[in-house]
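Trainee: I am new to this structure. Can we go through the terms and test each one?
Mentor: Gladly. Here it is.

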Amino acid sequence: MDGVDQLAPERKKAQFDVDEMKIVWAGSRHAFQVSDRIARLVASDPAFRKDNRAMLSRKELFKNTLRKAAYAWKRIIELRLSEEEASMLRSSVDEPAFTDLHWGMFVPAIKGQGTDEQHQKWLPLAYKMEIIGCYAQTELGHGSNVQGLETTATFDPQTDEFVIHSPTLTSSKWWPGGLGKASTHAVVYARLITDGQDHGVNGFIVQLRSLEDHSPHPGITIGDIGMKFGNGAYNTMDNGVLRFEHVRIPRNQMLMRVSQVTREGKYVQSNVPRQLLYGTMVYVRQTIVADASCALSRAVCIATRYSAVRRQFGSKNGGPETQVIDYKTQQNRLFPLLASAYAFRFVGEWLKWLYTDVTQRLQANDFSTLPEAHACTAGLKSLTTTATADGIEECRKLCGGHGYLCSSGLPELFAVYVPACTYEGDNIVLLLQVARFLMKTVSQLGYGNMPVGTTTYMGRAEQLMQCHCGVQKAEDWLNPSAILEAFEARAIRMSVACAQNLSKFTNQEEGFAELAADLVEAAVAHCQLIVVSKFIEKLQQDIPGKGVKPILEILCHIYALHLVHKHLGDFVSTGCITAKQASLANEQLRSLYSQVRPNAIALVDAYNYTDHYLGSVLGRYDGNVYPKLYEEAWKDPLNDSVVPDGYHEYIRPLLKQQLRNARL
């Protein structure tokens, strides 16, 4: 069976140009060519092998990650890769490593919060990896509540230094990736204190380890926080613990773009607006949304291919059994996830544009769209990461028992991905931030303040509060304006209902705490509207390729109508649609699933993932699942010997009724 493409018959059914869809998925022809070339480069290099990860001990696993990171950097230099290509190579290696935090958090923090002089000193060292940096913000006692951080940075005017100190156990830095074993430096967030006055949290560049022998500097206690969820998975990362015992650093290592401390110890705000710091946050959250589409699409690719290979029941006259993908229950669970992966891809693309737009406005001192951009990225980070984590687990279940094997790739993918629901903002906390913004927007509606960006629809609140859905037959749900109106009406009605309930409380904060669950649901409704509207906007563009746009339209409708079905209570209870219209939406969904079915394999092929990157026996491109599963089983160290270690000590005494004499 080796060398035979088991999925070739499925690929022949495709009703669209797969090569053109690959370019749509990648974002551009250039992006496709770069990602394709780099992914193949990594896949063909045995130094990047990863199929044994789940079987390695923690020490072996971590050392192997260090080797891969060093080798990747060597290849980047040898091949003279551009920044874009280097980033693509690191992501194709597909292994969480200290370099993720160096490039993804340490460098952007210095760029965003450092002065020109600090850029000149620190960035060349970081770019050459002559220093390795991490981002030390989260503490044992505080994560989401950054203002509650306890680490202190007290200015000593006698020596022109800051004294960094961990005054309590809970002030220990806890969780930063790369901190435990690899980093030489960190951007440390601490309470800035001058002359007994607390000025709130600020960033400081602190050297942690010697550049000669990597030993911790005096006054620094540092290590790894221990094993995390899953085999392999995020255990390749050295998440660390860090304590300071009156560690002194020069004054010029405070990140001083927004505020400074003078030689005399005076705290001064610079003329650079604080809002500029939000630009970095928008950037980081935009990358998280892009990562969500990537992780979800990997799981969907594995589950879709395996669902086409797997046959169960339904054999007629001794013929083949039914492909699992042909069961409506499988389609009902799988195809909305397939649609979600595309939806998140396109909203991620739009967020890239938003980041550029916000950056340009900030440079021109235009902060008008910032609150909306901040709320929008916070909400989309929450929505996409929650849906992706849940979606990966659903894909594992869609693969039945074999999905539980490490060789399916799904347990490790889930374990690696799931922290995204917590880092860079706990998902519920973020939705509450979105809800605050929505309540503020609703409260200003009557005062001539027109909502901007993704809240523009709120300016039509009066009309949306009154409108009735015009859907009369199932096909009417294929009208984008009918879908959009239903989602807009649901979002504004839920926000207005929350605002009305809030107004009954004399103490607003008390009301906010009491109504938090309703506010979260209103925020979700708003964020789902953004994803649906951006998918619809994408389809208004010119999309070349035979059959590409029609199949994307089908996916867009599946994404939207599945949400209508899932949140039926919202849509019906707010009066946006009737029970009859809900039933018609379901009818239309069933028809859409049938239209996706012949295109399912081609739609996941369009992700263009190599077998190396997918890391799944079930998701192999050629569909040659069973022989490879059998082959994989024999690689387990338990199968190194026929009779297991421990037989003579434990199994034999048990069988021979000699446990009394056994050394247990």
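Predicted model: local features only at pLDDT ≥ 70, side-chain atom pairs only at ≥ 80, totals over all residues.

Trainee: What makes Trp-25 and Tyr-607 an aromatic pair, and why is the pair called tilted?
Mentor: Ring centres must lie within 6.5 Å. Those of Trp-25 and Tyr-607 are 4.5 Å apart, with 50° between the planes. Under 30 degrees would be stacked and over 60 edge-to-face, so 50° is tilted.

Trainee: Are Trp-25 and Tyr-607 buried or exposed?
Mentor: Both are buried. That puts each under 20% relative accessible area.

Trainee: How do you know that the charge of Arg-298 sits over a ring?
Mentor: The ring is that of Tyr-613, and the charged end of Arg-298 is 4.2 Å from its centre. The distance limit is 6 Å, and the charge must also be within 35 degrees of the ring normal. Arg-11 lies over the face of Tyr-621 too, at 3.6 Å from the ring centre.

Trainee: Now the charged pairs. What makes Arg-37 and Glu-85 a salt bridge?
Mentor: Their closest N and O atoms are 2.9 Å apart. The cut-off is 4 Å, so the pair counts. Arg-37 lies in helix α3 and Glu-85 in helix α5, so the bridge ties together parts 48 residues apart in sequence.

Trainee: What makes Lys-50 and Asp-94 a salt bridge?
Mentor: The closest N and O atoms are 2.5 Å apart, within the 4 Å limit. Lys-50 lies in the loop between α3 and α4, and Asp-94 in the loop between α5 and α6. Both residues are buried.

Trainee: How do you know that Arg-263 and Asp-160 still qualify?
Mentor: Their closest N and O atoms are 3.9 Å apart, and the limit is 4 Å, so they qualify. The pair links distant parts of the chain, 103 residues apart. Arg-263 is partly exposed, at 35% relative accessible area.

Trainee: Which residues do shared partners join into one network?
Mentor: Lys-50, Arg-53, Lys-68, Asp-94, Glu-95, Arg-298 and Glu-412. The whole structure has 40 salt bridges.

Trainee: Which residues line the largest cavity closest to its centre?
Mentor: Of the 14 lining residues, the closest are Ala-69, Ala-72, Arg-90, Ala-97 and Thr-99. α4, α5 and α6 each give two or more residues. α4 gives the most, with six.

Trainee: How many of the lining residues are nonpolar, polar and charged?
Mentor: Eight are nonpolar, two polar and four charged.

Key
Residues numbered from 1 in each chain as written. Heavy atoms only, no water. Phe/Tyr/Trp six-rings, centres within 6.5 Å; stacked < 30°, edge-to-face > 60°. Buried < 20%, exposed > 50% of the residue type's maximum accessible area, 1.4 Å probe, protein only. Salt bridge = Lys/Arg side-chain N within 4 Å of Asp/Glu carboxyl O. Helix = DSSP H or I, 4+ residues; strand = E, 2+ residues; numbered from the N terminus. 1 Å grid on protein atoms, 1.4 Å probe; cavity = no way out; pocket = protein on both sides within 12 Å on 5 of 7 lines; lining within 4 Å. Nonpolar A, V, L, I, M, F, W, Y, C, P; charged D, E, K, R; others polar.
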